[in-house]
Amino acid sequence: MQVRVRALESVLVEKGYVDPAALDLLIETYETRVGPHNGARVIAKAWSDPEFRRWLLADGSAAIGSLGYAGRQGENMVALENTPRVHNMVVCTLCSCYPWPVLGLPPVWYKSGPYRSRAVADPRGVLRDFGVELAPEVKIRVWDSTAEVRYLVVPIRPEGTDGWTDGELARLVTRDSMIGTGLPKRPQEVSR
Amino acid sequence: MNGAQDMGGVHGFGAVVAESDEPVFHADWERRVFALTLAMGATGEWDLDASRFARENRPPDEYLDKSYYEIWLAGLEQLLAERGLATEAELTAGRELEPRKRIGKTLAPPDVAAELGRGSPTNRDVPRPATFQIGDRVRARNINPLSHTRLPRYVRGRIGTITAAHGCHVFPDTNAHGLGEEPQWLYTVSFDAHELWGPDADATLAVSVDAFEPYLEPAP
């Protein structure tokens, strides 16, 4: 693979179709700058600021954009509110659609057959694979991202976090909790 | 097309296995394939819908046999070959053998941030009235095109409820094939699990898809 891809890049560079420095910058962007830490900041603010939470749920792209996260694979973002009665989970059964500006590039499992096939038919089984057991009466809503709308789950703020700053709250927000395959960390799992 | 990419409801894949502390890429070639795909996309020689179709429209055994970025590589090579931008012989030789073609633009380093920040919005402000309203019951059409579509098989023929309307968006089914953007209303349609999976399904489950208007008809 390495040899084949190197040959491809050499041809495209020689022809002037791509600039290797631009390639490096694209990689660096998604390896270092864009990732779930962006989404965690959005969620922490939604937990601490009721006005922002309302805005986020009403117009995800605008509220998220106000924190500087927008663009490719997040042109239309919708935030989904978890409550004690409703749990949201996001999948792309057709490929790998994912809100890049807030979560970065998707993990391998999100793009894999096991997740794409089962999330829409047996989400409780999928949650068990992640070690999550929801109460039987909790309704589950699965969102299959089949067009260009990208979904971000707003998990429930953990109890015992009164008075925490946004920076401290963000440490509780895991990537999986924003996809809906996990829950936020508990306060005792992080250092403030 | 009814390809291997349409995985919703397929049995036998096994448990979801998550890697702890997973890196963004697992090999250097994955990094380069990712960046080459984005950079070639930025030339304007094709769009995201054509790119998706190139990845998906391959024999199911091949699709399932390849890793994610191997599929991206196969899709990219196919688009380059179809447009005469790079031939198989060149990819084997690793150097230019055919005259280069004039392309839209080459993505330059100073433009990367703006390119990513802009993205490729698919919203189109067209004066087309929406056929369906929130709360309407609709049936996903039983269509089986050989061409690109974003209507998964597991909802075809099933009845659901419109829960959101997102305005008009580029229609992937035409756009992927160079047949124009043909913007269409896009809706979120929610289906009860019983409707999708039968009487034994999880009664607490609802599944939604985002469906373009041509995918839908009024429920009988």
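Helices are DSSP runs of H or I with at least four residues, strands are DSSP runs of E with at least two, and both are numbered from the N terminus. With that in hand, chain A has a secondary structure of 10 helices and 4 strands. Read from the N terminus on, the elements of chain A follow the order α-α-α-α-α-β-β-α-α-α-β-β-α-α. What you see is a predicted model, in which local features need pLDDT of at least 70, side-chain atom pairs count only at pLDDT 80 or more, and totals for chains, interfaces and linings use all residues. Residues are numbered from 1 along each chain as its sequence is written, while chains are lettered from A and ligands numbered from 1 in the order in which they are written.

Of its 192 residues, 55% count as buried; a residue is buried if 20 or more other C-beta atoms, placed from the backbone, lie within 10 Å of its own, exposed if 12 or fewer, and partly exposed in between.

Now to the place where chains A and B meet. Two residues are in contact if their C-beta atoms, placed from the backbone, lie within 7 Å. The contact takes 64 residues from chain A and 68 residues from chain B. On the side of chain A that touches chain B, helix 1 (2–14), helix 2 (20–33), helix 7 (113–118), helix 8 (123–129) and strand 3 (139–144) each supply at least two residues. Strand 3 of chain A also runs parallel to strand 4 (residues 205–212) of chain B, and 5 bridges join them; strands pair if DSSP finds at least two bridges between them. One of the partners is B:A206, which bridges to A:R141.

Next, the interior. A nonpolar core is a set of buried Ala, Val, Leu, Ile, Met, Phe, Trp, Tyr and Cys residues joined through C-beta atoms within 7 Å. The largest has 76 residues, and A:I43, A:V142 and B:A211 have the most contacts inside it. Apart from it lies another core of 37 residues, including A:V18 and B:W29.

Finally, visit B:G167, in strand 2 (residues 159–169) of chain B. B:G167 is partly exposed because 15 other C-beta atoms lie within 10 Å. Leaving out residues up to four places away in sequence, B:G167 touches B:N123 and B:L186.
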